[in-house]
Amino acid sequence: MWDALYIDAAVATMRDGGAPYGLIENGAVAVEAGRIAWVGPQDGLPKSSDKPAPDKLARHIVSLNGALITPGLIDCHTHLVFASDRAGEFEARLKGASYEEIAHAGGGINATVRATRSASEDDLVEAALPRLDAMIAEGVTTIEIKSGYGLNIDSELKMLRAARRLGDLRAVTVKTTLLAAHAVPPDYEGRADDYIAHVCDDIMPAAHAEGLADAVDGFCEGVGFSPAQIARVFDKAKTLGLPVKLHAEQLSDLGGARLAAGYGALSADHLEYLADSDVPALASAGTVAVVLPGAFYYLRETKLPPIDALRAAGVPMAVATDCNPGTSPMTSLLLAMNMAATLFRLTPEEALAGMTRHAAKALGLEKDCGTIEAGKRADLAVWNVDRPAALSYFIGYNPLQKRIFAGQE
């Protein structure tokens, strides 16, 4: 017998191809040992005589009375672990200061660096838990958490340890990303190449030796690092056997996405200034384009990512919150989906795929989660809506009925 069988549900499997959303109108999902054991039309369940016999199939049978089941949501780009906030910068931007002006004046990332360096690991965990709980309440079952506010060995490792602890404290899968190449710290001002050497020679090997990093990221931008400097980081990641991803083309076009594709990156993220001519490189590499409408909205950007070109080339597009203290202090995955639809013109199906199937691929987890298929981890979200498009439609309303992580409600 299966451990659990969910019946009387619409099931948006989010499998590629077939019906929109991979939708099974009157479906059922069976769970065994934390994995999906069976999914399909309810009338396709094994039968006793000429009638389905769910009571003979599972120890625990749950009628969902027409609710919608989707894969658990996946937030594939967050900076969830940090100390303090930057509400003052928010006010300054509203008065006309630009992102670059704030950064050059000692604000921006470095303001959070100062606060994060002075915080203990326990402080970081305590501060991050309410943000994580808000995401869990909206159906998240997998989340990526980046470092990047320590910018030295001790603080970068401290952030990664805090992120790992969050995965121990809550029923959620946490994937950690080392983002030491996020900004030039104050103690290396004017010596960006020296700092990149420190990242490659000291921080990355230390994080790898402790098993704290699942991937490596960088910020390829005028206020961050050049493509040549990022290439050094990626070369080191390759020697350590770590996959890479990249903040690329958020504020200008430096060819970062093309660089990321050349290294077979899991994802290239932001992409507002991505040139149409660089889109085929992402498609050929299988690199996911992660769009971050929260940062676009928060910074009042007007330059849109080339969604039509990405769509035409078949580049998978993930959607994420980019939860961070400076440019996207957002913990709502549902709002991110709505913004992806309203600001970037993704369809509701693309927005949901962006937080399930494509988000899993952006983390290298597509074989384990992101769709409802037999053999994958039973990470599911049950919603009190009658159609999948409602998840992108509502603003400020959370219709989550229950969240199932590895088969456990």
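Author: The lining of the largest pocket comprises eleven nonpolar, eleven polar and three charged residues. The model is a predicted one.

Reader: Which helices contribute to the lining of the largest pocket, and which residues lie closest to its centre?

Author: Helix H2 (99–104) and helix H3 (109–118) each provide at least two lining residues. The pocket has a volume of about 440 Å³. Of its 25 lining residues, Ala103, His104, Asn110, Val184 and Val223 are the closest to the centre.

Reader: Why is a space called a cavity and not a pocket?

Author: A space is called a cavity because a 1.4 Å probe fits there but cannot get out, whereas a pocket is an open set of points. The structure holds two cavities of 30 Å³ or more. The largest cavity contains about 130 Å³ of space, and the second largest cavity has a volume of about 50 Å³.

Reader: Which residues lie nearest the centre of the largest cavity, and how does its lining divide by class?

Author: His79, Tyr99, His182, Asn324 and Thr327 lie nearest the centre, among 14 lining residues. The lining has four nonpolar, eight polar and two charged residues.

Reader: What lines the second largest cavity?

Author: Its lining includes Ile36, Pro71, Cys369, Arg377 and Asp379. The lining residues divide into six nonpolar, four polar and two charged. Arg377 and Asp379 belong to the lining, and both residue types count as charged.

Reader: Why is H4 called oblique to H5?

Author: The axes of helix H4 (residues 121–136) and helix H5 (residues 153–169) cross at roughly 50 degrees and come within 9 Å. That angle makes H4 oblique to H5, because angles under 35 degrees count as roughly parallel and those from 65 to 115 as roughly perpendicular. The crossing of H4 and H5 is right-handed.

Reader: How do you know that H4 and H5 are in contact, and which residues meet?

Author: Contact means heavy atoms within 4.5 Å. On that basis, residues of H4 including Glu121, Leu124, Val125 and Leu132 meet residues of H5 including Lys158, Met159, Arg165 and Leu169. The residues of this contact divide into nine nonpolar, no polar and five charged.

Reader: At what angle do H5 and H6 pack, and which residues make the contact?

Author: H5 and helix H6 (residues 192–209) pack at an angle of about 35 degrees, and their axes are 10 Å apart. Ile153, Glu156, Leu157 and Leu160 of H5 make the contact with His198, Asp202, Ile203, Ala206 and Ala207 of H6. This contact has six nonpolar, one polar and two charged residues. The crossing of H5 and H6 is right-handed.

Note on methods
Residues are numbered from 1 along each chain as its sequence is written. This is a predicted model: local features need pLDDT of at least 70, side-chain atom pairs count only at pLDDT 80 or more; totals for chains, interfaces and linings use all residues. Side-chain values use heavy atoms; hydrogens and water are left out. Axes are lines fitted to C-alpha atoms, for helices over the stretch in contact, and angles run from 0 to 180 degrees between N-to-C directions. Helices (H or I, at least four residues) and strands (E, at least two) are DSSP runs, numbered from the N terminus. Angles under 35 degrees count as roughly parallel, over 145 as roughly antiparallel, 65 to 115 as roughly perpendicular and the rest as oblique. A crossing is left-handed if the near helix is turned anticlockwise from the far one by less than a right angle, and right-handed if clockwise. On a 1 Å grid over the protein atoms alone, a cavity is a set of points where a 1.4 Å probe fits but cannot get out, and a pocket is an open set with protein on both sides within 12 Å along at least five of seven lines; lining residues have an atom within 4 Å of a point. Grid points are joined across faces, edges and corners, and a volume is the space filled by probe spheres set on the points.
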